[in-house]
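This note is written for a colleague who is meeting the structure for the first time. Please keep the sequence and the model in view while reading the numbered points.

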Amino acid sequence: MRSYRSILCRGAISVVLAGFLLSGCGDKGAEQQKQAGEITKGIEDYLTLVEGPNLPVRLRHDKVTVTPAEDGKSYLVAITGVRYGTDKETNVAFGEIDYRLAPQGDDQYQVSDLKVPSEVAVTGAGGKPEGAVKFETTAFTATWSKPLQNFLKFDWQVKDISATAADKPGEVFKVATASITGDGKENGKGLLDQISKITFNGFSAIDPSDNTTVKLDKLTGNIGFEQLDFVAYRQTMAKISEFSAKYAPPAPPAAGATGTPPEMPKITEEDRKALADLVRGFPKLMASYSYDFSAEGLTVADEKGDVMVHLNQGGIGFGLKGINTDKAEMDFNIKHDGLTVTGPELQDPMLKAVLPKSGNLALVATDLPVPTLVEGVAQALPDLANPDPQVSQGAQFMLMGSMMSALSKSTIKLRIDPSAIQTEKAQLSADGELKLALETPQKAVGVVNFALLGLDDLMALAGSLAQQSPDAAQAIGMLQMLQGLAQRETGTDGKPVDKFKLDLTETGAVLVNGKPLNGMAP
């Protein structure tokens, strides 16, 4: 009897413990399902932002499914029916995209195990095949921020990218390797700082119209922003989508339809004010934005393989900072090195002598009156989209007037940082600063300094070619004028340097080294 009671007691205890365990598993399972629902909503919201639901041709998807993984910690995400096109036709079919989300701390997820199709079909009207794009993902990792509902960090590596056309043999273009990475951090109060980098290696493409080949050894790009209020940005994009849907042009009547065609919806006074406030809020979304792209080893060859253009390296950059302040600053730069161009039309020695083999230009604009300029757009934007041509045209004039008024009251300055062009025979460098002055004939006042090396060499070459080269004969007059205006000095290398101080005065006069430029052109 005692043995029976002992067994019964142990059995009861086991049942109670099992109940507690099952209850705990149930709680955990319910919590995971709740979390999966929140993840699904976050992904759907993010895709809505990316896809732009009111665009006729856009990225689309059918469904997002999030399920707890077997490890009890991570979640499996499946996005099905990913495609690009209209609601009736698909131009690019991506299919299903899968990945794993693993919690990291209280407010982040690690993203891994990305699975994407290795081949994407491209179709035209009526589903007619037009080509395909192939690639292989070699690595993917990312960090997702729950508060920001955006990626903090990501790293996607691919290789063997190629594209083919259905009506052409061979590959239209191919890329050996490519990557896109992002490194960001939360900058307090829900703000995001991030720098993204794009890299392509071993790019080549063929123009099917004339079999011209373009090759590029490497292309890199950096895109950055600071203090992006991503939550406010998403809200702004959502409001824009609402306006776009509410005031979208009506669908055209079907062929053969009778009756009065539907009218374009008229914007209400309430929405007019809301749209203006939306525009005014744009500069407050971030503090700065910038990008720069650089290319190495660009070669363009004809169908015989003869090189027509070669560039060792080149780049372009743009930056805008202080966007959320009263006065912003804009930077722009462009540069290249090792440019050679060949062809029958470029055999003239004079053209070869002035071809810019290398160069750079660096500009900085300061004191940009962002709020005043944005206010002009906010006032005019509701009427710019008006279907009545007279109202729309009136809004354009109003916008131009408000912009000119804002600029005339501003203190915008344009600084030319040291810039130069190098040719086979000469080198021209420049620097200076101008101030916007719309009341003057040149619309600016200030000084730009130029220094020219090789003026004598250019003059000698033009003189020797004047009889057989129209370009050289025409250049002689311009070179003689420059000689007459120049202030000649001796450079550190002992060679002559011709300097020109270009002065745009408040009276409207244009002076070069103190001499009026008016009437001196050949």
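1. Basis of the note. This is a predicted model, in which local features need pLDDT of at least 70 and side-chain atom pairs count only at pLDDT 80 or more, while totals for chains, interfaces and linings use all residues. Residues are numbered from 1 along each chain as its sequence is written, and side-chain values use heavy atoms, with hydrogens and water left out.

2. Overall dimensions. The radius of gyration of the protein chain is 32 Å, whereas a compact globule of 522 residues would have one near 24 Å. This radius is taken over C-alpha atoms, and the globule rule is 2.2 Å times the number of residues to the power 0.38. Along the principal axes, the C-alpha atoms fill a box of roughly 125 × 65 × 60 Å.

3. Secondary structure and contacts. The protein chain contains eight helices and 22 strands. Both are DSSP runs numbered from the N terminus: helices are H or I with at least four residues, and strands are E with at least two. Of the contacts between residues at least 6 apart in sequence, 56% join residues at least 24 apart; contact means heavy atoms within 4.5 Å.

4. Buried residues make up 32% of the 522 in the protein chain. Buried means under 20% relative accessible area, exposed means over 50%, and partly exposed lies in between (1.4 Å probe, protein chains only). The chain exposes about 30,600 Å², of which carbon and sulfur atoms supply 58%. These areas come from the Shrake-Rupley method with a 1.4 Å probe; for residues, only the protein chains shown count as cover. There are 51 positive and 65 negative side chains, and the centres of the two sets lie 6 Å apart. Lys and Arg count as positive and Asp and Glu as negative, without His and the chain ends; each charge is placed at NZ of Lys, CZ of Arg, CG of Asp or CD of Glu.

5. Helix α7. Which residues of α7 are buried? In this helix, residues 455-465, they are L455, L458, M459, L461, A462 and L465. Viewed down the axis of α7, the buried residues fall within an arc of 165°, so they line one face of the helix. The arc is that of the directions from the helix axis to the C-beta atoms. The partners against which these buried residues pack are α4 (349-354), β18 (444-453), α8 (470-485), β19 (487-490) and β20 (496-504).

6. Q483 lies in α8 and is partly exposed, at 35% relative accessibility. Apart from neighbours within four places in sequence, Q483 is in contact with L455, D456 and M459. From C-alpha to C-alpha, M478 and M459 are separated by 9.7 Å, at 19 residues apart in sequence.

7. Two strand residues. Is S162 buried or exposed? S162, in strand β8 (residues 150-165), is buried, with a relative accessible area of 9%. Residues up to four places away in sequence aside, S162 touches A132, V133, K134, E171, F173 and K174. I195, in strand β10 (residues 191-207), is exposed, with a relative accessible area of 53%. I195 and K63 are 132 residues apart in sequence, and their C-alpha atoms are 30 Å apart in space.

8. Backbone angles to inspect. D367, which is not a glycine, has a positive phi of about 60° and is found in strand β15 (residues 358-368). N513, likewise a residue other than glycine, has a positive phi near 55°. N513 sits in the loop between β21 (510-512) and β22 (515-516) and is partly exposed, with a relative accessible area of 23%.
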